Amino acid sequence: MTKPVVIVGAGHAGVQAAAALREEKYAGRIVLVGDELHVPYHRPPLSKAYLKGALGRDSLALRGAAYYGNQGIETLFGDRVISIDRGARKVELASNRELEYEHLILAVGARARPVPFAGTDLGGVVTLRNLDDADILKRELDAARHVVVVGAGFIGLEFAATARGAGKDVTIVEVAPRVMGRAVSPQTSNFFADAHRAFGAELRLNVGVEKIEGNAGRARAVHLTDGSVLSADLVLLGTGVVAEDRLARDSGLVCEDGLVVNARLVTSDPDISAIGDCSFHPNVWQGGEVRLESVQNATDQARVVAKRLAGRPVDYSSLPWFWSDQGDLKLQIAGLLVDSDKVVVRGEIARRAFSVFCFSGDRLRCVESVNRGGDHMAARRIIGDNIALSPAEARDPSFDLKAHATRHMRERA
Ligand SMILES: Cc1cc2nc3c(=O)[nH]c(=O)nc-3n(C[C@H](O)[C@H](O)[C@H](O)COP(=O)(O)OP(=O)(O)OC[C@H]3O[C@@H](n4cnc5c(N)ncnc54)[C@H](O)[C@@H]3O)c2cc1C
């Protein structure tokens with residue numbers, strides 16, 4: 001039997017890699033190994049519609065269960081790769097099985113960042129990374145009265161909005177001075193801080209967690225570094241993730257903030273690629289190496305690796321974009337936030353529908369849109385195709401961004 005392409009991790013990146021290989025007419029064997037028992041599923045709804053109960057389990061699947069067999073993709077779900085023998089080009093699985101590979105794709109994602117305070121092993125203290133976590137969180141949320149969210153990043157804030165929507169008493173604790181501080185401009189950050197206060201959450205910025213106190217094995221209070229104490233029967237740790245790099249490090253692959261890859265997503269071993277949340281890759285939009293956590297990044301990187309394995313190599317150069325749903329607010333981001341020297345707002349912040357355009361020199365680098373999907377779609381084209389746009393045009397509500405992008409694309413075609 002020929003040696004397969006083995007894909008480790010059946011999340012957004014791994015499943016897309018398998019699918020894209022077939023789309024690229026790769027005819028060899030493909031084995032997809034995933035340590036979760038579920039049919040691979042969409043992760044974003046776990047902190048949004050699924051948590052609220054607006055979307056059922058049946059709607060989460062990335063592909064129907066029959067898809068894999070129909071495409072000749074061999075699946076090993078509920079099994080885990082525990083080591084890589086790079087010399088012999090084979091992996092060992094928790095089930096004692098061994099798999100030789102022609103090429104290995106690591107799509108192992110990320111894991112919750114360890115936190116430096118005590119009490120995280122208590123009942124009622126949860127992280128949200130996968131479907132099992134979401135089911136636990138749903139049950140805990142139903143029973144909870146006082147919810148503390150540690151970390152005001154995307155997932156923490158999405159959960160906080162859902163918990164407020166369910167009528168819970170919610171406090172958000174963030175050690176930084178701003179919410180989503182690493183990802184969005186001060187304008188957008190301040191807007192969301194006010195929005196969460198208006199949803200009814202208490203926001204505690206610039207303060208850390210000292211410890212989580214328990215009673216009979218369950219969380220009962222969160223002690224903050226300023227000496228204050230918050231009642232809590234449910235604590236969500238939304239303190240970010242780190243790359244799932246243990247397998248790679250154990251096998252001697254070069255890692256920094258994730259598995260180091262080149263522009264074609266090849267690791268320090270030419271027989272191994274790394275894609276998605278685990279890859280630390282050169283990104284033309286960042287102007288350096290970066291690790292990104294988004295569905296766009298995972299699926300576009302998967303397509304790039306599939307093209308290379310099918311004999312049509314390309315560099316990874318997709319424009320990053322993201323979204324986050326918080327209560328009735330849809331935030332969409334096109335591009336990456338870099339140091340910007342000019343920021344203009346289109347629309348009205350007070351009306352909860354606006355976009356923040358961040359320029360660096362004369363170049364538009366990032367657009368954050370709140371409840372303005374049209375701006376976001378146009379911005380993806382304008383930034384992605386490097387179409388000139390002045391701050392005055394961006395700010396002017398009568399300037400048609402979509403028509404501007406379309407006209408330039410036509411002229412270039
Ligand atoms: C709650 C939540 C909400 C999110 N919301 C958004 C959003 O709104 N928009 C957005 O763009 N992104 C969002 N993200 C981020 C997005 O889901 C990730 O960027 C994306 O899932 C990354 O895909 P991936 O395949 O790299 O990793 P994952 O989807 O995490 O998949 C990795 C898989 O590999 C498995 N695995 C790890 N090690 C092994 C091993 N040794 N053997 C076998 N299997 C292994 C893991 O268990 C996991 O199933 C969200 C993430 C979460 C958790």
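Me: In this predicted model, over which ring does the charged end of arginine 63 sit?
Reply: A charge counts as sitting over a ring only if, among other conditions, CZ of Arg lies within 6 Å of the ring centre. The charged end of arginine 63 sits over the ring of tyrosine 67, at 4.8 Å from the centre of that ring. A further example is arginine 380, whose charged end sits 3.8 Å from the centre of the ring of tryptophan 321 and over that ring.

Me: Which aromatic cluster does Tyr67 belong to?
Reply: Tyr67 forms one aromatic cluster together with Tyr68 and Phe77. A search of the whole structure gives five aromatic pairs. One of them joins tyrosine 68 to phenylalanine 77, with 5.8 Å from centre to centre and 90° between the planes, an edge-to-face arrangement.

Me: Is tyrosine 68 buried or exposed?
Reply: The reading rests on relative accessible area, with buried meaning under 20%. Tyrosine 68 has a relative accessibility of 3% and therefore counts as buried, whereas phenylalanine 77, at 24%, is partly exposed.

Me: What is the geometry of the aromatic pair that phenylalanine 191 and phenylalanine 354 form?
Reply: This pair is also edge-to-face, its ring centres being 4.9 Å apart and its planes standing at 75° to each other. The two partners come from distant parts of the chain, since phenylalanine 191 lies in helix α6 (residues 186–199) and phenylalanine 354 in strand β26 (residues 353–360), 163 residues apart. Both phenylalanine 191 and phenylalanine 354 are buried.

Me: In what order do the strands of the open sheet run?
Reply: In general, the strands of a sheet pair through backbone hydrogen bonds, in either a parallel or an antiparallel sense. Here five strands form an open sheet with antiparallel pairing, in the order β23-β24-β27-β26-β25. Because β23 (321–326) and β25 (342–348) each have a single partner strand, they stand at the edges, and one side of each has no neighbour in the sheet. Direction ignored, neighbouring strands of this sheet are turned against each other by 15° on average.

Me: How many bridges join β25 to β26?
Reply: The antiparallel strands β25 and β26 are joined by seven bridges, and glycine 347 stands opposite phenylalanine 354 in β26.

Me: Which strands does α6 touch as it packs on the sheet?
Reply: Helix α6 touches β23, β24 (329–335), β25, β26 and β27 (363–370), and its direction makes about 165° with that of β24. Helix α9 (residues 373–384) packs on the sheet as well, touching β23, β24, β25, β26 and β27, with its direction at about 160° to that of β27.

Me: In which sense do β10 and strand β11 pair?
Reply: Strand β10 pairs with strand β11 (residues 169–174) in the parallel sense, over five bridges, and valine 148 stands opposite threonine 171 in β11. Strand β10 (residues 146–150) is mostly covered, with four of its five residues buried.

Me: How many helices and strands does the protein chain have?
Reply: The protein chain has eleven helices and 27 strands. Its radius of gyration is 22 Å, close to the 22 Å that the globule rule gives for 413 residues, so the protein chain is as compact as a globular protein of that length. Along the principal axes, its C-alpha atoms fill a box of roughly 65 × 60 × 35 Å. Of the 413 residues, 51% are buried. Among contacts in the protein chain with a separation of 6 or more, 61% are between residues 24 or more positions apart.

Notes. Residues numbered from 1 in each chain as written. Predicted model: local features only at pLDDT ≥ 70, side-chain atom pairs only at ≥ 80, totals over all residues. Heavy atoms only, no water. Phe/Tyr/Trp six-rings, centres within 6.5 Å; stacked < 30°, edge-to-face > 60°. Buried < 20%, exposed > 50% of the residue type's maximum accessible area, 1.4 Å probe, protein only. Helix = DSSP H or I, 4+ residues; strand = E, 2+ residues; numbered from the N terminus. Lys NZ or Arg CZ within 6 Å of the ring centre and 35° of its normal. Pairing = 2+ DSSP bridges. Axes fitted to C-alpha atoms, helices over the stretch in contact; angles between N-to-C directions. Contact = heavy atoms within 4.5 Å. Rg over C-alpha atoms; globule rule 2.2 N^0.38 Å.
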